[in-house]
Amino acid sequence: MSHEIRTPMNGIMGFASILREADSEEEFNEFVDAIISSGEHLLNLINDIIDLSKIEAGILQIEKSKFELNRLTKEIYEMLSVDANVVSKNIKFSYTDGLPDDDCMVYTDRMRLKQIMINVVNNACKYTDQGSILFFYTIKNGTLEFTVKDTGIGIRDDLQESIFDRFMQVSVSRTEGRNSTGLGLAIKKTYLNMMGGNIHVKSKLGVGSEFTIEFLDHFNFEN
Ligand code: ADP
């Protein structure tokens, strides 16, 4: 793990130490951007590590509440449709809801559900260089299925299971410049298992990926 922490830290220290020597305003701004980007990466990593240690200490709690699922999907769309990856690469980004707005009340851990959905949609944004990203949910017999489809770089067949392992980034050449830690999916899979769910992927290298998150009978409807 020390390597994962040292890399962004070295980025911050390295660029901060040459900041005063910048030859132009343009170069100065480049260094500042590099510091911010490494800082964001380090912050993500620290958050993930804190969550992991809570899971390991057995103190991570699931807190259920009643809320409107369509509000959550809207929040995710509004947050990630302005994501730098989506905007700069001109990716078609869309979503559909599986329930009508006036009948979409669900009962589960909203914060964790949102974290899980954001991780998977955000990955689609990170690992897609052109084309489209679509997310949607369906509900059948009390089971919620949330799907994210992208036309991104895809994942080799033999690596599709191991991306759910800790620090598994598949390969550095794939993740370089994409703010990867290899921890997100491992943590979200643990949350999902605690909440009575699971996550699967179908993917084709160079064509795209489809992630499906399932919530089984723990997803109770109260209306
Ligand atoms: P991170 O993205 O921070 O490395 P994750 O645990 O979220 O960590 O993902 C693990 C690995 O799975 C990534 O490094 C990437 O190689 C692969 N991956 C995840 N989502 C996708 C996707 N939509 N398309 C292609 N590869 C993906």
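**Exercise 1. Work out how the span of helix H1 compares with the expected one, and which of its residues are buried.**

Step 1: H1 covers residues 2-18, 17 residues in total. (Helices are DSSP runs of H or I with at least four residues, strands are runs of E with at least two, and both are numbered from the N terminus.)

Step 2: From first C-alpha to last, H1 reaches 24 Å, close to the 24 Å expected at 1.5 Å a residue. The expected span is 1.5 Å times one less than the number of residues.

Step 3: Look for the buried positions: Glu4, Pro8, Gly11 and Ile12. Buried means under 20% relative accessible area, exposed over 50%, and partly exposed in between, with a 1.4 Å probe and protein chains only.

Step 4: Part of the cover over those buried residues comes from helix H2 (25-57).

A word on ground rules: this is a predicted model, where local features need pLDDT of at least 70, side-chain atom pairs count only at pLDDT 80 or more, and totals for chains, interfaces and linings use all residues. Residues are numbered from 1 along each chain as its sequence is written, and side-chain values use heavy atoms, leaving out hydrogens and water.

**Exercise 2. Describe the ring pair of Phe15 and Phe31.**

Step 1: The whole structure holds 7 aromatic pairs. Rings of Phe, Tyr and Trp (its six-membered ring) pair if their centres lie within 6.5 Å; planes under 30 degrees apart are stacked, over 60 edge-to-face, the rest tilted.

Step 2: With centres 5.7 Å apart and planes at 45 degrees, Phe15 and Phe31 make a tilted pair.

Step 3: Phe15 sits in helix H1 and Phe31 in helix H2, so the pair ties together parts 16 residues apart in sequence.

Step 4: Check accessibility: Phe15 is partly exposed at 30%, while Phe31 is buried at 11%.

**Exercise 3. Find the residues with the most contacts inside the largest nonpolar core, and the element that gives the most to it.**

Step 1: The core has 43 residues, and Leu69 and Phe211 have the most contacts inside it. (A nonpolar core is a set of buried Ala, Val, Leu, Ile, Met, Phe, Trp, Tyr and Cys residues joined through side-chain atoms within 4.5 Å.)

Step 2: Helix H5 (110-126) is one of the elements supplying at least two core residues, and H5 gives the most, with 8.

Step 3: Leaving aside neighbours within four places in sequence, Phe211 has contacts (heavy atoms within 4.5 Å) that include Val120, Phe146 and Leu185.
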